[in-house]
Amino acid sequence: MDLLAHDPASLPIAETFLSFQGEGKLAGMPSYFVRVSGCNLRCRWCDTPYASWNPEGRRVLVDDLVSEACASGARHVVLTGGEPMLFEACAALGTALRARGMHLTIETAGTIDRPIPCDLISISPKLANSTPAGDPRDPAGAWAARHEARRLKADIIQALLDRHPDRQLKFVVQRREDLGEIEALLGTLRGWVPGDVLLMPEGVTPAAPARAREVVTWCIERGWRYCPRLHLDVFGNTRGT
Ligand code: SF4
């Protein structure tokens, strides 16, 4: 029996580990990762199904997470998932980590607004390419319908942008057609600059050079950033990295 299952000062944790940030504005930064288990979406290409489609893990006290992060030696913490915004205790975690002088990045899909203190909000709005239509893990299509209804919430993304001066909007792209959906969303949002927008090729292996060049070209045309996945280059698609 999980003795902490109803403890509001604990979180469901899929994994914690010391590695380096592979994506985004802080790529290359040594970081301690806290991955919550549980997500309100079911992306077809989710690279952490053990925190979404089949959530695994155990409950861990917020105080213990703070102690372990501080003992890791890293000065940067990445709170990721799954979807951290689902969990009320993430606010206490963020407050405690920043009180200890840690730099905190929160990685979210931007579908839930919860005022968690952080230094960088990394919002990854989910495009139509993420919807798991016809996915064998969802034979009745219930998750595909739920995902499609939930995946893009411009008002919530705007609220997150308004509250967090350091931000990035990171989009997983497959095809040139994805750009239209991104530009339509950006057209409804205020306060961002082109350097806040990142494009990341979809995949759990490093992008082939031709593929990377194509996405880089889209970025150069728009003043956006190309987002590699350095951890895939270094460690491959393995847990705890
Ligand atoms: S939002 Fe993130 S964790 Fe959730 S299903 Fe999509 S990729 Fe996976």
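## A tour of selected salt bridges

Begin by selecting Arg 190, which is exposed at a relative accessible area of 54% (exposed means over 50%, buried under 20%, and partly exposed in between, with a 1.4 Å probe and protein chains only). This is a predicted model, in which local features need pLDDT of at least 70 and side-chain atom pairs count only at pLDDT 80 or more, while totals for chains, interfaces and linings use all residues. Residues are numbered from 1 along each chain as its sequence is written, and side-chain values use heavy atoms, with hydrogens and water left out.

Arg 190 lies in the loop between α5 (178–188) and β8 (197–201) and Asp 162 in helix α4, so the pair ties together parts 28 residues apart in sequence (helices, H or I, of at least four residues and strands, E, of at least two are DSSP runs, numbered from the N terminus). Asp 162 is exposed too, at 53%.

Now select Asp 166 and Lys 25, whose side chains meet in a salt bridge at 3.5 Å, N to O. Asp 166 sits in the loop between α4 (154–163) and β7 (167–173), and Lys 25 in the loop between β1 (10–20) and β2 (30–36), 141 residues apart.

Move on to Asp 135, which is buried at 8% relative accessibility, and whose side chain meets that of Arg 137 in a salt bridge of 2.8 Å, N to O.

Finally, select Glu 23, Glu 107, Lys 170 and Arg 229 together, which are linked in a network of salt bridges.

Terms used: A salt bridge is a side-chain nitrogen of Lys or Arg within 4 Å of a carboxyl oxygen of Asp or Glu.
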